[in-house]
Amino acid sequence: MSAPLLEISGLSARLRRPPHSPLLRSVSLTVAAGEVHGLVGESGAGKSTIGKAILDILPDAIELCGGTIRFAGEDLTTMPAARLRKLLGTEIALIPQDPMTALNPSRQVGSQLTDGLRLRRGLKGAALKQKAIELLRDVQIADPERVLALYPHEISGGMRQRILIAAAFSLDPKLIIADEPTTALDVTVQKEVLRMIRNMQKIHGTGVVFVTHDLGVVAQVCDRLTVLYGGMVVEQGETAAILASPSHGYTRALIDATPRHDRAGTGMQPIPAGIVADLKAQLSRYGFGPSGHV
Amino acid sequence: MRVPFLAVLPWRSLLLAMVTLFGVAVVSFVLLRVVPGDPIAMMISPGASPEDIMRLRASYGLDRSIPVQFVIWLGHAVTGDFGTSISMRQDVMHLIAGRLPATTELTLLALVIALVLGIGTAVLSTLSRRKLVGAAIENGNGILLAVPDFVWALTFVVLFGVAWQILPISGRIDPRISTDFATNFVLFEGLLRLRPAVVGDVLAHMIMPAFALALPLAAVIMRVLKGALEAEGQQDYALLAKIRGRSKLRITLQETLRNALVPTLALTGVQFTFMFGGTVIVERIFSYPGIGNLAIDAVINRDLPLIQGLILVFGLIFILINLAVEASFAMLNPRLRHG
């Protein structure tokens, strides 16, 4: 078997300052080429930290303290900075969480969309514009020529997110980190954006790490998933199999806490305290002690 | 959110400006006549009789009630006549107009110095990876924030005027240099007419007061801009730019600086108006012939018409600066640009 596209093994992260509260505890997962891998968990479970670690945009307060992130066989955590800068953006891209802050308010949409093509591929002039229009067509934006000259505040949140998706796919990367890409959007726009990411990913054969807290979203787009709790992997496997018969109580509880249209009337269930207490006990057995983050 | 911002802005602001100026005129007029200090007492010769004093008082209209005095003054003021200076026996507007160009050139030069220093150090400390550079800038900034303009002025005089005599310590231009200029904007006109001797001499006179005024402002600009740059650097768009492979230098100069300048500029405007207050002392120290120096003379002589005129001019300058700041927001921030 060839090396997976992304192989994270034993990844640990903690706060840089004492008491060094742990944020990730020996997380391992693999993403194959063309696979959509969901990272699921509550706030603080460490799912975004994993995404940021891959992209080398961890906040200054957080440091990695063990493990490797192998992309196509190369470890990103020990790679020379110049090589990493070259990989990021071309081979690995990000679809950010909040389309309202992910576009620079004082630059036109078009120039932000084509940053990658300009800086990395050296495209300019008419060829650049042509490519930009194609990209916007791919994400089903009508009237792309007009949109290119607009400023971010002049377009809707859904449209901004589609532009950010187009920008992420613009250099045809092998891996995309989608960090809660639909959380900030209207429910009506969410579905459309999810379908778009799924379609583009299939066409381009891109591997996707899909960070989300929403199991409904996971069911729609993810091939496989990793459930996290307190920076620890709770369960991992095929999405369909896990959603159908979760082997861990916490996953079961998460599923019950998700609103579903096909179970009208049953309502949502809060996550039972016993399961979390159980996980906490497990965490302290890892030796993280009372300073742990949960 | 699409309010026709700029379409409304000038009229509203101008109307507010008129109201503000009127308020300033009323308050200063009343205060000047209520506080102790008699302009007539400064003028009379020791042997004057009470009748002489009464006559003099009546000739300046100072024997009337304050409301009547104000109405008379306002009636003339709206036509541009702000009366005659009691101590200098000259038209108030003429006096101020003759001094204003000197102060305008001085404060603008100080503003440019403050912006260059403030923005430069803020960007430098954001970009520098070395702890030492950051710490040096941070500590230097703390000192600049703490030391007021007149202390710099006195320090410069001692250093560059006395200990190491390389700069002139008083005046605006060497009297031996002849200027046959049309305006009193000696620096600007010297630049336009390409007269290096004049420009050089004027700059030599201005450099110390300008730096004294600029350093505290530079420190404030630097502090605010650095914080804003750090906040903008954590925004998603800056992280995305980093992922797209842009260097920190490019991200700072091309992405975050422009957004970070907006809050900085608002504060710079406010602080710039304070700088006009600073000119009063700094111009005095350097015997610089501007309106700040004129203001001190006017106060010492209890020259009511001149003080009144100067207060209005200062008020007008404050208002104009604030209007300019608002207008420049639209330039930097596209969200305010479209009607």
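**The contact between chain B and chain A**

In the predicted model, 20 residues from chain B and 27 residues from chain A take part in the contact between the two chains. Together, chain B and chain A bury about 2,200 Å², of which 55% lies on carbon and sulfur atoms. On the chain B side, Asp236(B), Ile243(B) and Arg244(B) account for 30% of the area that chain B buries against chain A, which is more than any other three residues supply.

Polar interactions also link the chains, with 10 residue pairs in polar contact between chain B and chain A, both residues of each pair being at pLDDT 80 or more. The side of chain B that touches chain A draws at least two residues from each of two helices, α10 (236-243) and α11 (248-285) of chain B. Of the elements involved, α10(B) gives the most to this side, with six residues. When sorted by class, the side of chain B that touches chain A comprises eight charged, six polar and six nonpolar residues.

Two salt bridges are counted between chain B and chain A. In a salt bridge between Arg107(A) and Glu255(B), the closest N and O atoms are 2.4 Å apart.

For chain A, an unreviewed UniProt entry carries the annotation "domain: ABC transporter", which covers residues 6-255.

How values were computed:
Residues are numbered from 1 along each chain as its sequence is written. Chains are lettered from A and ligands numbered from 1 in the order in which they are written. This is a predicted model: local features need pLDDT of at least 70, side-chain atom pairs count only at pLDDT 80 or more; totals for chains, interfaces and linings use all residues. Side-chain values use heavy atoms; hydrogens and water are left out. Contact means heavy atoms within 4.5 Å. Buried area is the accessible area (1.4 Å probe) that two parts lose on being put together, summed over both. A salt bridge is a side-chain nitrogen of Lys or Arg within 4 Å of a carboxyl oxygen of Asp or Glu. A polar contact is a pair of N or O atoms within 3.5 Å; within protein, one must be able to donate a hydrogen and the other to accept it, and residues adjacent in sequence count only if both atoms are side-chain atoms. Helices (H or I, at least four residues) and strands (E, at least two) are DSSP runs, numbered from the N terminus. Ala, Val, Leu, Ile, Met, Phe, Trp, Tyr, Cys and Pro count as nonpolar, Asp, Glu, Lys and Arg as charged, and the others, Gly among them, as polar. UniProt positions are given in the numbering used here, feature names are shortened, and annotations may be inferred rather than shown by experiment.
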